[in-house]
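Thanks for coming, everyone. Please take a look at the structure on the screen, and then I'll walk you through it.

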Amino acid sequence: MTKTRIGQCIYCRARPTPSDPLSDEHIFPFGIYGKQQLGKASCKTCRDITSDFEGKVQQDDMKNLRSVIDFPTRHLKRKKELKLPHEIVTKSGEVKVIEVPSKHAPAIMVLSVFKAPAHLSNEAYEEGIEMTGYFMNTSTKYPGTIAQDHNATEVAIYSLRWPEAWGRMFAKIAYAFAVKEYGLSRFKEEDVYVLNAILGKTNDIGKWVGCDRERVFGDEFDDQAVGLWIVEDNELHAVIKLFAWLNSVPEYHVRIGKLS
Ligand SMILES: [Zn+2]
């Protein structure tokens, strides 16, 4: 674990107070192997906002994957007893939701594929973020007995229910990583394009976050990869890859804001 001390909320710029000494902020969420932290970098109010969308990604959309393969968790007991909802269609055509113990569930990695950031593609944009597809990788360990056990013809898992939460998480990762690299003083609040979307003040995350056709990374030997680069007008961009050792996973492009 590496930690870079900031001493100020990176989102609202609040300073530590006796009632809120500020908390450390993971650049990548702890639950997906995040190892880098910004020390004393998030106030309570902002932490509640970022925990909410990171929770939707990790505890909902990645629940299946995280519980079946060994991800870090702060709730080991809960994990052991975890049951995962699967929607099935039985042979008689009935649709129902069953709970499958995590040890019997397949490890399915599903990552969203988004349109390119609207601000880059110059396409018409209204709000939110648009998924154009998904990446899926299934574990070969899966015993494959759910269908048999439940007399089902189809089994579906729940995933990618929160595309906007994913988009906001990538924006947060990119911004926090950029703060580590350049220091908070290089970012004026009004120049951070993604800030209002991270904090849920605007619903324009698809403007700044998306997937590109062009790929930046090859096979990496790490859990995650981030690349930063500066384009004209001191505008800072990031590309993020989760599960970076896998070649074909989507990369996420974030147009962070301007450096000063
Ligand atoms: Zn704050």
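First, a term: two residues are in contact if their C-beta atoms, placed from the backbone, lie within 7 Å. Helices (H or I, at least four residues) and strands (E, at least two) are DSSP runs, numbered from the N terminus. Axes are lines fitted to C-alpha atoms, for helices over the stretch in contact, and angles run from 0 to 180 degrees between N-to-C directions.

Two notes on the source. This is a predicted model, where local features need pLDDT of at least 70, side-chain atom pairs count only at pLDDT 80 or more, and totals for chains, interfaces and linings use all residues. Residues are numbered from 1 along each chain as its sequence is written.

Start with helix α6, residues 163-182. Helix α6 lies across β1, β2 and β3, and runs at about 90° to β3. Those 3 strands make an open sheet, ordered β1-β3-β2, with mixed pairing. Two strands pair if DSSP finds at least two bridges between them. β1 (2-5) and β2 (23-26) are at the edges with a single partner strand each, so one side of each has no neighbour in the sheet. On average, neighbouring strands here are turned by 35° against each other, direction ignored. β2 and β3 (residues 36-42) pair antiparallel over 3 bridges. In β3, Gln37 is the bridge partner of His26.

Now the core. A residue is buried if 20 or more other C-beta atoms lie within 10 Å of its own, exposed if 12 or fewer, and partly exposed in between. A nonpolar core is a set of buried Ala, Val, Leu, Ile, Met, Phe, Trp, Tyr and Cys residues joined through C-beta atoms within 7 Å. Which residues touch the most other members of the largest one? Of its 53 residues, they are Ala171, Ala174, Val194 and Val254. Several elements supply at least two residues each, including β3, α1 (44-61) and β12 (251-258). α6 gives the most, with 12 residues. Setting aside neighbours within four places in sequence, Val254 contacts residues including Phe170, Ala171, Trp208 and Ile240.

Next, α1. It kinks by about 30°, centred on Gly55; the bend at a residue is the angle between axes fitted to the seven residues ending there and the seven starting there. Among its buried residues are Cys46, Phe53 and Val57.

Last, His86, in strand β4 (residues 83-90). Buried or exposed? His86 counts as buried, because it has 23 C-beta neighbours inside 10 Å.
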